[in-house]
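I am opening the notebook on this model to look up its nonpolar core and its aromatic rings. My entries follow below.

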Amino acid sequence: MKKLSRRKLIQAGIATAAGVSGVGIAAHLAQKYGLVPPDHRGIWGLGETLTYATQRLLTRHSLAREFPRNMISNPPMANELAPPNDEFKKLQAGGFTDWRLTVDGTVAKPTTFSLADLRSLPSRRQITILACEEGWSYIAEWIGTPLSHVLEAVGVHPESRYVVYRSIEPDWWDSIDMADALHPQTFVTYGMNGGDLPVPSGGPLRLRVPRQCGYKSIKFITHLTVTDDIKKFGQGQGGAAPEAGYAWYAGI
């Protein structure tokens, strides 16, 4: 994202206040500085753009709230899960030793990581809330390696703008921008509450994005693709049943 000066920010604010023409100018500035989400078209497009641009300008480096250990939910909520497919069952029977996470796209060194490889990277813990768009939530300790460490290991190209992540479940995928991908609380998560990440909670591997609603934290991830253009992947929102009308950006 190009640097947005205080002068440009003030100009955008004045333009927005000026009415219809101001909206056009603000939209132009948002496009210029990479503040337009992939789902900016359609009836809700302007609102999605304003939400995304505002949060990126004002809260780009903010942290999701972290809780004390005594507030961990007991037991943690796990939303309804479709039966794992045969490939998953085979990997589960082997203790997930053959589970792999492939990282490719606009990177210098496309790499496939085992769970042991990921555990060898610097690990972190956070106690954060998973808030579902359906209204329920729970607090858990999430254990994993920051996604930024994985991306550093493969060497992300400077033009990269998004990370697309896929589940072992067919057609279950989603994406985030580089601001969230490099955020210190975005985890490739393999543990919960002191143990391995349970299957109902997305084990053995889940992408945890605590600054967004729960549907952005895709379960059973097997593939990350770094890209400079989300259009080649479709509508830019996949994992959370796009027919339900969920926004690509679900910041909380």
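How many residues does the largest nonpolar core have, and which of them have the most contacts inside it? I looked this up in a predicted model, where local features need pLDDT of at least 70 and side-chain atom pairs count only at pLDDT 80 or more, while totals for chains, interfaces and linings use all residues. I number residues from 1 along each chain as its sequence is written, and side-chain values use heavy atoms, with hydrogens and water left out.

**Entry: core.** I find 33 residues in the largest nonpolar core, and those with the most contacts inside it are Trp99, Leu147, Val150, Val188 and Leu205. By a nonpolar core I mean a set of buried Ala, Val, Leu, Ile, Met, Phe, Trp, Tyr and Cys residues joined through side-chain atoms within 4.5 Å, where buried is under 20% relative accessible area, exposed is over 50% and partly exposed is in between (1.4 Å probe, protein chains only). The elements that give two or more residues to this core include helix 4 (86–93), strand 1 (100–105), helix 6 (147–154) and strand 7 (187–192); helices (H or I, at least four residues) and strands (E, at least two) are DSSP runs, numbered from the N terminus. Helix 6 gives the most, with four residues.

**Entry: Val188.** I listed what Val188 touches, leaving out residues up to four places away in sequence, and found among them Leu101, Leu118, Leu147, Val150, Leu205 and Ile221; a contact is heavy atoms within 4.5 Å.

**Entry: aromatic pairs.** I counted eight aromatic pairs, taking rings of Phe, Tyr and Trp (its six-membered ring) with centres within 6.5 Å, and calling planes under 30 degrees apart stacked, over 60 edge-to-face and the rest tilted. Phe88 and Phe220 form an edge-to-face pair, 5.1 Å centre to centre with 65° between the planes. Phe88 lies in helix 4 and Phe220 in the loop between strand 9 (206–208) and strand 10, so the pair ties together parts that are 132 residues apart in sequence. Trp172 and Phe220 also form an edge-to-face pair, at 6.2 Å centre to centre and 70° between the planes, and Trp172, in the loop between strand 5 and strand 6 (173–177), is 48 residues apart from Phe220.

Is Trp172 buried or partly exposed? I noted that Trp172 counts as partly exposed because its relative accessibility is 24%, whereas Phe220 is buried, with a relative accessible area of 1%. Phe88, Phe96, Trp99, Trp172 and Phe220 form one aromatic cluster.
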